[in-house]
Amino acid sequence: MERYTAGYSYTNFNFVIQNLKMKKDIKNKYYPFICILKNILQRGVPTIMSTYLTYKIGKINLDNKQIIGLIDYEVPNWINTIKGDNVNNYYPAKQFFYEIIPQYLKEYKFIQQLMLPEAEIKDIVGEENKEFINQKVDFYLEPCKLVIEIDGLQHESELQLQIDSQRDEYLSKFGVKTIRINTTQIKSK
């Protein structure tokens, strides 16, 4: 069984492709489609159509010679997914996602389509750990194996610093790097 994550729609991003036979045993007419889909999902970056895909569905002629990437550049609307402080109407993670990324990463703002907000740790590492049950990170960028945490004042206590450090160490065992951005950095941009 192989697990994949994709971030192209407002839905549950985790899915499984299983029971695929070895290439020599495949006689299914949909096998090439599954291979192409699998390659697109594993890449996790904008791409142009492969030679095989162009051959199968035909070349797309564009007047302005623009290359069509297989990723949507429209910013995802995460509605109530990205958390914040409802009482004080303060949402630094939303500000990071919707304002700071497009402002500072203009050429690379497509990463918004690849970021999964409020990702559960078990989904990131692929296994359950009793120490981190139901714990989520602010953002997970799977193609880079990168967690982005937006830390408010509550993350400055000694206990919370220790908890955050334990989570970061656990994720790093699976090759996942964590970047922590303080909300004061968000305010000052």
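1. Phe 97 is buried, with a relative accessible area of 0%. Its ring pairs with that of Tyr 98, the centres lying 4.9 Å apart. The planes stand at 90 degrees, so this pair is edge-to-face. Tyr 98 is partly exposed, at 32% relative accessibility. All of this is read from a predicted model.

2. Phe 97 and Tyr 98 belong to one aromatic cluster with Phe 96 and Phe 139. The count of aromatic pairs comes to six. One of them joins Phe 96 and Phe 139: ring centres 5.7 Å apart, planes at 45 degrees. An edge-to-face pair needs an angle over 60 degrees and a stacked pair one under 30. The Phe 96 and Phe 139 pair is therefore tilted. The two residues are 43 apart in the chain, Phe 96 in helix α3 and Phe 139 in strand β4. Phe 96 is buried at 8% relative accessibility. Phe 139 is buried at 0%.

3. Which residues have the most contacts inside the largest nonpolar core? They are Phe 96, Met 115, Ile 124 and Phe 139, in a core of 30 residues. Elements giving two or more residues to this core are α3, α4 (111-114), β3, α5 (121-125), β4 (136-141), β5 (146-151) and α6 (158-172). Helix α3 gives the most, with five residues. As a general point, nonpolar side chains in soluble globular proteins tend to be buried together.

4. Ile 124 deserves a look for its neighbours. Leaving out residues up to four places away in sequence, Ile 124 touches Ala 119, Val 137, Tyr 140, Val 147, Leu 171 and Val 176. Leu 171 is also one of the buried residues of α6.

5. Ile 150 sits in strand β5. Buried or exposed? Ile 150 is buried, because its relative accessible area is 7% and the cut-off is under 20%. Its contacts beyond four places in sequence include Pro 92, Ala 93, Phe 96 and Phe 139. Asp 138, His 155, Ile 181, Thr 183 and Ile 186 are also touched by Ile 150. Asp 138 is twelve residues from Ile 150 in sequence, with 6.6 Å between their C-alpha atoms.

6. Helix α6 passes a length check. Its 15 residues should span 21 Å at 1.5 Å a residue. The end C-alpha atoms are 21 Å apart, which agrees. Buried residues in α6 are Asp 164, Arg 167, Tyr 170 and Leu 171. They cover an arc of only 125 degrees around the axis, so they lie on the same side of α6. What covers them includes α5, β4, β5 and β6 (177-182).

7. Asn 89 has a phi near 55 degrees, positive in a residue other than glycine. Asn 89 lies in the loop between α2 (51-57) and α3 (92-104). Asn 89 counts as exposed, at 60% relative accessibility. Glu 118 also has a positive phi, of about 55 degrees, and is not a glycine. Its place is in strand β3 (residues 115-120). Glu 118 is buried, with a relative accessible area of 16%.

8. Now the chain as a whole. Its secondary structure comes to seven helices and six strands. From the N terminus, the order is β-β-α-α-α-α-β-α-β-β-α-β-α. Of the 189 residues, 33% count as buried. Among contacts with a separation of 6 or more, 56% join residues 24 or more positions apart.

9. Confidence comes last. The mean pLDDT of the chain is 77, and 69% of the residues reach 70 or more. Over residues 6-13 the pLDDT is below 50. Beyond near neighbours in sequence, that stretch still has 23 contacts in the model. Where pLDDT is low, predicted coordinates should not be read in detail.

Definitions and conventions. Residues are numbered from 1 along each chain as its sequence is written. This is a predicted model: local features need pLDDT of at least 70, side-chain atom pairs count only at pLDDT 80 or more; totals for chains, interfaces and linings use all residues. Side-chain values use heavy atoms; hydrogens and water are left out. Helices (H or I, at least four residues) and strands (E, at least two) are DSSP runs, numbered from the N terminus. Buried means under 20% relative accessible area, exposed over 50%, partly exposed in between (1.4 Å probe, protein chains only). A nonpolar core is a set of buried Ala, Val, Leu, Ile, Met, Phe, Trp, Tyr and Cys residues joined through side-chain atoms within 4.5 Å. Contact means heavy atoms within 4.5 Å. pLDDT is the predictor's confidence in each residue, from 0 to 100. The expected span of a helix is 1.5 Å times one less than its number of residues. The arc is that of the directions from the helix axis to the C-beta atoms. Rings of Phe, Tyr and Trp (its six-membered ring) pair if their centres lie within 6.5 Å; planes under 30 degrees apart count as stacked, over 60 as edge-to-face and the rest as tilted.
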